[in-house]
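The following questions and answers examine how two chains are folded and how they meet. Please consult the sequence and the structure while reading.

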Amino acid sequence: MTTHAATAQPSYLVDTGKRKGLLAWLTTTDHKRIGVLYLYSMISFFLIAMGVGFVMRLVQLTTFQKLITAQTYNALFTLHGVIMIFLFVIPGLPAVFGNFFLPILIGAKDVAFPRLNLASWYFFMAGAILAVLSLFTGGGAPDTGWSFYAPFSLKTGTNVSLAVFAAFILGFSSMLTGINFITTIHRLRAPGMKWFRMPLMCWALYSTSWIQLLATPIVAITLVLVILERFFGIGIFDPAKGGDPLLYQHLFWIYSHPAVYIMILPAMGAITEIIPTFSKRTIFGYKAIAFSSMAIAGVGSLVWAHHMFTSGMSNLATMLFSLLTMIVAVPSAIKVFNWVGTLYKGSIDFQPPLLFALTFIFLFAIGGLTGVMQGALAINVHIHDTYFIVGHFHYVMFGGTGMGFFAALLYWFPKMFGRMYSKKAIYVSWFPMFIGFNMLYFGMLILGMMGMPRRYYVHLPQFHTMHVVATVGSWLLVLGLLIYFGTLLYAIFKGEKAEDNPWGGVTLEWTIASPPIQENFETIPTITHGPYEFEQESK
Amino acid sequence: MSEHVHRDDFGARLGMWLFLVTEIVLFGGLFIGYSYMRYKYPMEFHHGGAELNATLGVINTLVLLTSSLTVVLAIVAVQRAEKKRAMAFLGTTLVLGLTFLVIKSFEWAAKFHHGLYPNSAHLATLPPGEQVFFGLYFTMTGLHGLHVIAGLSVLGVMLWWVATDRIRQDRYVHLENGGLYWHLVDVIWIFLLPLFYLAA
């Protein structure tokens with residue numbers, strides 16, 4: 001399958017070792033193969049959770065006669081949340097594109113700890129399998145929602161312990177990947193690849209890795225405490241024994257709020273790669289973007305209690321967290337301005353990755369602004385735990401991270417697989433996806449404003465019309481997603497051979513073969529200029 | 001893929017330090033919980049601390065500190081290519097670590113004997129703050145104990161590698177990293193001692 005005539009060395013997709021086929025993939029330490037392993041596993045999980053979401057929307061199509069029981073509905077939204085959060089959006093971009101492209105972008109042959117990298121994938125899969133097992137064993141599928149709030153998570157008879165343990169293992173995988181990336185960026189940059197010559201995806205991954213490192217252990221210990229509480233009754237979250245359920249919420253969100261920046265930062269990084277390539281212009285405000293990534297990582301670690309404004313905190317605490325929440329919007333907005341500034345007066349080459357990148361900006365802006373609304377205390381009390389929050393986080397998590405993931409996949413697909421997909425089919429997939437997305441989640445924003453609480457199995461008649469709109473939107477969205485994934489799957493096997501540099505990009509990955517050779521570079525390049533200098537390349 | 005010729009001891013140590021950061025944050029979550037609970041129940045923590053055997057706690061501290069010293073001496077011995085001496089020091093570390101665990105288990109057994117363990121009938125009669133104190137005591141010393149066991153396993157492998165010359169004068173970063181981990185286990189204990197044993 002060598003597609004590159006000038007290269008004597010085989011591509012990373014060819015087995016050259018002792019082991020062949022699946023076994024060669026399962027024992028690989030090549031960062032590119034590990035990235036692809038993550039890609040396949042994550043998209044499978046995404047499709048499962050998408051199916052679950054689809055069923056939940058079907059349930060809301062009627063006001064009373066239901067397809068499933070209320071308990072099943074509780075299990076479904078827990079399952080949807082756990083899979084999407086822990087198996088797709090948190091690890092999504094770093095594990096797939098970070099693994100595949102971080103070493104290439106900085107001119108390295110692999111990550112710093114290749115075997116640890118493979119171990120991380122196995123931890124990931126072990127966690128995923130345990131999460132699935134928790135559905136069918138013990139007291140049945142967990143019904144707590146993905147946040148496992150105490151005291152309910154301590155009292156429910158469902159199989160919370162195993163699900164929580166699965167999340168613990170997944171956290172371990174995430175941490176090890178973070179350690180690997182930080183060490184890689186510190187130690188393996190090619191000669192001349194100074195910090196401010198790195199492509200901005202690397203800065204995004206670097207800040208993400210620090211959050212993974214500093215926040216994940218907190219949720220790990222919190223989840224361990226839930227397990228200990230359930231088995232031994234240690235009493236830390238149990239008011240009857242002097243404990244405090246609010247402590248659980250604090251510990252949980254100390255991780256889980258920074259985790260949303262683990263989700264969004266790499267997506268922003270990918271968008272920052274895509275925009276200059278299709279504007280044929282250097283990025284506007286390189287350092288502003290690099291530092292805003294670090295600022296988001298820093299300030300984003302100090303806003304967790306805005307999830308708890310109605311949980312019973314002091315007024316002073318709520319005001320402080322409200323202020324910090326507003327502040328974190330600033331570095332995010334800096335990035336949006338920089339992207340738009342890059343597009344301005346660029347020579348735009350309109351291709352599918354750019355379409356999805358612009359979709360990302362549009363949807364993320366709505367998600368970000370609704371987030372600022374919720375940071376305001378007075379509004380928060382009104383819309384807390386309503387569909388508004390569900391709509392908001394789908395705009396940022398799906399419209400942001402999800403679309404960022406899809407854009408990154410379209411951008412790097414020809415490099416990863418050496419094949420090009422049908423651009424026309426991707427455009428076709430975009431229309432139902434975009435229209436359905438906004439019907440579904442803007443519908444949720446409206447429902448939340450009207451007062452529809454989240455996680456309810458039934459709804460009152462006055463909410464019915466919007467629920468129908470949202471459900472029809474979900475059909476369009478699923479249709480678009482199926483066309484999208486179908487197109488790419490077809491292209492992996494039957495797509496046309498891709499050129500080495502189909503988009504005219506200037507970062508290092510476009511200087512090597514598609515698909516890359518096993519060692520990435522025939523000779524390690526020496527870097528003499530910044531990452532987005534189109535003027536130099538076009539001479 | 002062929003084994004990398006590339007070797008980066010600095011990178012390996014950096015990775016280990018980053019891992020230690022995650023360990024510190026892991027215990028950090030428990031320290032946050034402890035601080036909050038102690039602020040809420042100062043008197044109950046005082047009474048709880050009085051139930052613990054401070055003498056055994058201090059002895060265990062000395063045992064662990066000495067074991068950290070012997071790890072360092074083992075590394076120095078490897079650097080000087082004194083294999084037998086390195087093995088002797090590592091062996092001493094293992095013995096000291098096991099001593100720590102034995103003393104710890106006597107302590108735990110005594111607590112169980114007095115009915116001071118989570119969900120026990122006796123503990124339920126005590127005020128809520130003391131119940132939380134013992135919940136935290138068992139959680140934190142238990143988690144620390146698991147780290148001692150993990151550290152001993154790592155150092156056991158190191159001993160094996162020194163014996164088989166996988167760790168030698170020109171290649172000892174694994175031993176350094178194992179030693180770093182052992183120091184972390186030690187440092188965490190140094191915080192646990194005043195928080196629990198000297199709380200009274």
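A residue is counted as buried if 20 or more other C-beta atoms lie within 10 Å of its own, with C-beta atoms placed from the backbone. The model discussed here is predicted.

Q: Which residues of α10(A) are buried?
A: Helix α10 of chain A covers residues 286-299. Under the cut-off of 20 or more other C-beta atoms within 10 Å, the buried residues of α10(A) are A:Tyr286, A:Ile289, A:Ala290, A:Ser292, A:Ser293, A:Ile296 and A:Ala297.

Q: Within what arc do the buried residues of α10(A) fall, seen down its axis?
A: An α-helix has 3.6 residues a turn, so residues three or four places apart point the same way. In α10(A) the buried residues line one face of the helix, because the arc within which they fall is 165 degrees.

Q: Which helices are included in what covers the buried residues of α10(A)?
A: The buried residues of α10(A) include A:Ile289 and A:Ile296. The cover over the buried residues comes from chain A and includes α8 (200-232), α9 (245-279) and α11 (315-343).

Q: What distance does α11(A) reach from its first C-alpha to its last?
A: Helix α11(A) has 29 residues, and at 1.5 Å a residue the expected reach is 42 Å. The model comes close to that value, with 43 Å.

Q: Which helices are included in what covers the buried residues of α11(A)?
A: Buried positions in α11(A) include A:Phe321, A:Val328, A:Lys335 and A:Trp339. Just after this helix, A:Lys345 has a positive phi of about 65 degrees. The cover over the buried residues of α11(A) includes, from chain A, α9, α10, α12 (352-375) and α13 (377-383).

Q: What percentage of the contacts in chain A between residues at least 6 apart in sequence join residues at least 24 apart?
A: Of the 539 residues in chain A, 56% are buried. Among its contacts between residues at least 6 apart, the share that joins residues at least 24 apart is 83%.

Q: How many helices does chain B have?
A: Along the sequence, chain B follows the pattern α-α-α-α-α-α-α. Its C-alpha atoms fill a box of roughly 60 × 30 × 25 Å, and 40% of its 200 residues are buried. With zero strands, the secondary structure of chain B comes to seven helices.

Q: How far apart are the end C-alpha atoms of residues 54-76 of chain B?
A: An unreviewed UniProt entry lists residues 54-76 of chain B as a "transmembrane region", together with others including 180-199. In the model, residues 180-199 are 90% helix, with end C-alpha atoms 28 Å apart. Residues 54-76 are 100% helix, and their end C-alpha atoms lie apart by 33 Å.

Q: Which helix gives the most to the side of chain B that touches chain A?
A: The contact takes 27 residues from chain B and 31 residues from chain A. On the side of chain B, α1 (9-40) and α6 (128-163) each supply at least two residues. By class, that side has 16 nonpolar, ten polar and one charged residues. With 14 residues, the helix that gives the most is α1(B).

Definitions and conventions: Residues are numbered from 1 along each chain as its sequence is written. Chains are lettered from A and ligands numbered from 1 in the order in which they are written. This is a predicted model: local features need pLDDT of at least 70, side-chain atom pairs count only at pLDDT 80 or more; totals for chains, interfaces and linings use all residues. Two residues are in contact if their C-beta atoms, placed from the backbone, lie within 7 Å. Helices (H or I, at least four residues) and strands (E, at least two) are DSSP runs, numbered from the N terminus. Ala, Val, Leu, Ile, Met, Phe, Trp, Tyr, Cys and Pro count as nonpolar, Asp, Glu, Lys and Arg as charged, and the others, Gly among them, as polar. The expected span of a helix is 1.5 Å times one less than its number of residues. A residue is buried if 20 or more other C-beta atoms lie within 10 Å of its own, exposed if 12 or fewer, and partly exposed in between; C-beta atoms are placed from the backbone. The arc is that of the directions from the helix axis to the C-beta atoms. UniProt positions are given in the numbering used here, feature names are shortened, and annotations may be inferred rather than shown by experiment.
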